Amino acid sequence: METPMIYYIIISTIMFFAGVYGFITRKNMLMMLISIELMLNAVDINFAVFNRYLYPDAMEGMIFTLFAIGIAAAETAIAIAIIINIFRHIRNIDAENLDDMKY
Amino acid sequence: MEYTVIILLLPMAMFLLLGLLDSKLSPRMAGILGTLGMIVCTAVAYTTAYQYFTQPRIDGEFPPVTAINIEWLRFTDFLHIDLGIYLDPISVMMLVVITTVSLMVHIYSLGYMHGEIGFQRYYAFLSLFSMSMLGLVVATNIFQMYIFWELVGVSSYLLIGFYYTKPEAVSASKKAFIVTRFADLGFLIGILILSFYTKTFDFATLTAAPGTIITETAGASFLGCSVAAWALALIFMGGAGKSAMFPLHIWLPDAMEGPTPVSALIHAATMVVAGVYLVARLFPLFCVTPEVLDFITVVGAVTALYAAIVACVQSDIKRVLAFSTISQIAFMMVALGVARDTDLHAGLGYMASMFHLFTHAMFKALLFLGAGAIIHAVHSNEMTAMGGLRKYMPITHITFLIACLAIAGIPPFSGFFSKDEILTAVMNKSLFWGIWMTVVAGLTAFYMFRLYYRIFWWNKPDYSHHTPHEAPLTMTIPLIILAAITCVAGFIPFGEFVSVNGQPYHIHLDPTVATTSIIIALIGISLATWLFLKENKKPGAMADSMRTLYTAAYHRFYIDEIYQFVTHKIIFALICRPIAWFDRHIIDGTMNMLANVTQGVSARIKGLQSGYIQSYAWIFLAGALVIAIITMCCF
Amino acid sequence: MESIAQQVIFYLLAIVIVICSVLTVTTRRILRAATYLLFVLFATAGIYFMLDYTFLGAVQLAVYAGGILVLFVFSILLTSHPGERTPQASIVKRILGLILAIAGTAICTYALITYPFETIPLTGGELDVKAIGHALIGMEKFQYLLPFEAISVLLLACIIGGIMIARKR
């Protein structure tokens with residue numbers, strides 16, 4: 001007895017919208033980044049699940065997930081570098097305080 | 001005679017050079033450069049005159065020469081504006097007058113303006129003026145004349161306002177510019193009407209067939225006068241503005257706020273006679289509309305008398321000279337007005353007018369330059385600060401006396417001959433105007449000698465703090481040269497060169513007229529001598545006996561006040577202010593309202609553009625969800 | 001028997017993912033958030049294992065759990081004091097976020113449940129690593145040398161960029 005595909009997808013949906021909630025409500029930029037990771041992870045799961053259940057003979061979904069993980073790593077590294085740099089300048093990493101270049 | 005173009009280009013080049021370098025040049029260098037340029041110009045102008053008047057006569061007259069004519073702007077076959085140089089007896093005569101006086105003023109200014117701030121600028125403007133004035137007289141067509149006409153207006157404006165830190169000078173320059181500009185509006189309309197019917201701007205074409213304008217405008221009339229008459233009257237209006245004819249004369253006395261050499265050059269000898277020159281230039285056209293000539297006669301005669309009366313009571317010596325200028329120019333206008341036809345005798349006034357223009361330019365420039373020397377010495381324009389100066393300034397005294405005798409019409413000085421021709425011409429036409437003008441001539445003698453005695457005789461005021469001294473050489477040399485010209489200019493056989501139809505005219509004196517005018521001039525001089533030779537109570541008593549007239553004349557018959565009333569109380573208060581209100585509150589208000597609404601709305605909605613990525617994300621996702629819901633409901 | 005065990009493991013993973021995801025975004029201590037994220041990532045790796053993508057699960061553990069999370073922990077320690085509570089967003093904002101998240105979940109779930117997916121019964125079992133390797137560096141159809149190289153260049157750029165941005169001047 002197989003676990004129905006829909007269960008996986010519902011889990012990833014919950015994970016995704018948890019990420020959305022975090023992204024919208026948290027002020028700390030690191031927290032926003034963590035929320036983004038959650039969303040990405042949810043999407044990764046979807047890729048793998050769809051590949052496995054709908055096209056078991058192909059492996060495109062899985063390869064995409066691999067690349068997505070690689071890109072997520074790159075993105076996180078750069079984002080954290082920027083955040084640390086900002087922290088050095090204004091001793092704070094709240095997104096609301098970043099308005100020096102506004103207007 | 002293409003080389004005559006140098007006469008225009010050289011002052012232009014000087015203007016650019018001096019104007020652009022300005023304070024990079026030392027004042028001395030600038031003055032010498034400007035003067036040298038003018039010397040070359042004068043030489044070329046004399047050569048031109050010599051060459052022109054020694055050429056063989058064709059049919060008894062000197063043929064006009066179009067030295068250069070370039071098509072500048074072409075709109076249609078008929079409508080094109082040319083620039084060129086047109087030489088005929090009067091323009092060549094004007095070239096000589098302008099360059100001579102301008103050169104004198106250039107030399108004189110070296111001394112008079114010495115040490116002034118903006119000396120280089122002054123010379124640059126002088127060059128600009130010379131260029132414009134010379135361009136005006138050699139214009140081949142009426143539009144070129146109009147262009148240079150405005151240019152002399154601008155340079156006059158610049159030079160009157162030379163002392164731009166003085167509020168009087170600034171308002172005087174504005175006044176001069178606005179009044180002449182207002183008159184030029186009439187000039188422009190006149191040009192447009194004229195060329196609309198005749199299909200040409202060209203002087204040669206216009207004057208060759210003066211009857212054309214009548215045939216072309218036949219049937220068209222406005223307010224009871226033919227359109228041709230209106231066109232010429234409007235053109236005359238431009239001339240009247242420049243030549244300070246009543247009632248457009250109000251700018252000229254105020255223009256005396258400029259430096260004195262400028263008054264000599266622009267407001268006595270050259271620019272103010274541009275109106276006379278304009279009428280003379282278009283004289284064949286005026287001939288076919290005698291009603292306009294009658295109008296010119298009346299305007300001229302009224303102006304002459306008015307200015308002469310006012311000149312009798314002014315206390316500022318430059319103002320006396322300014323009113324005297326107005327009066328003398330009015331003489332020229334009257335002479336043109338009484339001239340009829342291109343017949344030698346009926347058109348005597350034309351020759352007389354040009355002759356008087358020539359002699360007047362010389363002796364009036366001399367008077368102004370002399371007045372400048374006096375002002376230079378006593379540091380005041382007021383008569384009360386002067387008196388007994390003959391001992392301190394002998395050269396100025398003698399030259400000034402010569403000029404006074406000339407303007408009063410005493411032989412053998414030049415003014416006698418030219419004024420006599422004018423009086424003869426006027427007498428021939430109408431006895432009434434003849435007597436009128438003779439009286440004005442007597443008044444002229446009186447006020448000139450009043451001025452002379454008040455300055456050089458009378459009683460000395462207290463000079464202890466500053467003893468007057470003779471002017472430097474750069475100032476006295478032009479005085480002497482001009483005085484010499486004034487002495488001999490009357491014997492120039494002027495009629496041989498300039499006359500109404502180009503035929504040589506031998507000037508002969510009408511004994512009756514000559515005798516009368518000499519007698520009346522002598523009466524004027526004697527009266528002035530009796531009143532002003534020594535300090536006494538007589539002038540005051542005389543003024544008291546005619547208190548009303550005296551006060552009115554002293555205030556120039558309240559013409560300025562009338563202008564003030566009309567412009568401020570009527571035009572400004574009743575027309576301009578409501579329009580300004582409408583503009584400010586309705587038109588601007590509409591625009592402001594639009595701007596305010598835009599600003600208000602953007603202030604309200606700018607919160608959306610907060611820059612907070614979380615708000616954006618929320619809105620974006622909410623929008624996506626809404627679209628998803630809509631999609632699911634529909635399909 | 002095996003399938004029951006699988007069911008149990010799946011539900012365990014599901015519970016961990018759901019609870020830890022929610023805790024990640026609701027806790028006010030940022031270090032704890034990172035820890036909850038670690039659990040979510042572990043559970044995700046578990047899901048990959050259950051789907052027989054063992055290689056993917058291994059990558060997930062190595063890169064995400066091992067690499068990225070260490071970065072997070074480092075940067076958190078650099079930028080905040082231990083035990084510090086991050087400031088809360090305004091209540092309005094949180095309610096709006098919550099509404100959006102719940103509405104989104106509901107709509108997506110509804111859409112997914114109502115859509116008739118045609119699933120194919122699982123066959124084959126574990127994916128061969130050799131096949132993955134060939135797919136990654138092959139140039140045939142369904143092979144990915146070019147994206148692979150592109151990603152490698154991207155990573156190189158990230159290394160340089162990260163150093164450039166973060167170094168002290």
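Colleague: In which loop of chain B is Pro247(B) found?
Modeller: Keep in mind that this is a predicted model. Pro247(B) is joined to Phe246(B) by a cis peptide bond, with omega about 0°. Most peptide bonds are trans. As for its place, Pro247(B) is in the loop between helix H9 (227-242) and helix H10 (251-254).

Colleague: Thanks! And what is omega for the peptide bond from Pro411(B) to Pro412(B)?
Modeller: Pro412(B) sits in the loop between helix H17 (394-408) and helix H18 (414-429) of chain B. The bond from Pro411(B) to Pro412(B) is cis, and its omega is near 5°.

Colleague: How many of the residues of H15(B) are buried?
Modeller: Helix H15 of chain B covers residues 317-338, which is 22 residues, and reaches 32 Å from its first C-alpha to its last, close to the 32 Å expected. To count as buried, a residue needs 20 or more other C-beta atoms within 10 Å of its own. H15(B) is largely enclosed by the rest of the structure, because the number of its 22 residues that are buried is 21.

Colleague: Moving to chain C, is Asp52(C) buried or partly exposed?
Modeller: Asp52(C) lies in the loop between H2 and H3 of chain C, and its phi is near 70°, a positive value in a residue other than glycine. Buried starts at 20 C-beta neighbours and exposed ends at 12, with partly exposed in between. Asp52(C) has 17 such neighbours inside 10 Å, so it counts as partly exposed.

Colleague: Then what about Phe142(C): buried or exposed?
Modeller: Phe142(C) is in the loop between helix H5 (129-137) and H6 of chain C. Its phi is also positive, near 60°. Phe142(C) has 10 C-beta neighbours inside 10 Å, so it counts as exposed.

Colleague: Which helix gives the most to the side of chain C that touches chain A?
Modeller: Chain C has 6 helices and 0 strands. In the contact between the two chains, 69 residues of chain C meet 61 residues of chain A. Helices H1, H2, H3, H4 and H6 of chain C each supply at least two residues of that side. The one that gives the most, with 13 residues, is H3(C).

Technical notes. Residues numbered from 1 in each chain as written. Chains lettered and ligands numbered in written order. Predicted model: local features only at pLDDT ≥ 70, side-chain atom pairs only at ≥ 80, totals over all residues. Contact = placed C-beta atoms within 7 Å. Helix = DSSP H or I, 4+ residues; strand = E, 2+ residues; numbered from the N terminus. Expected span 1.5 Å × (residues − 1).
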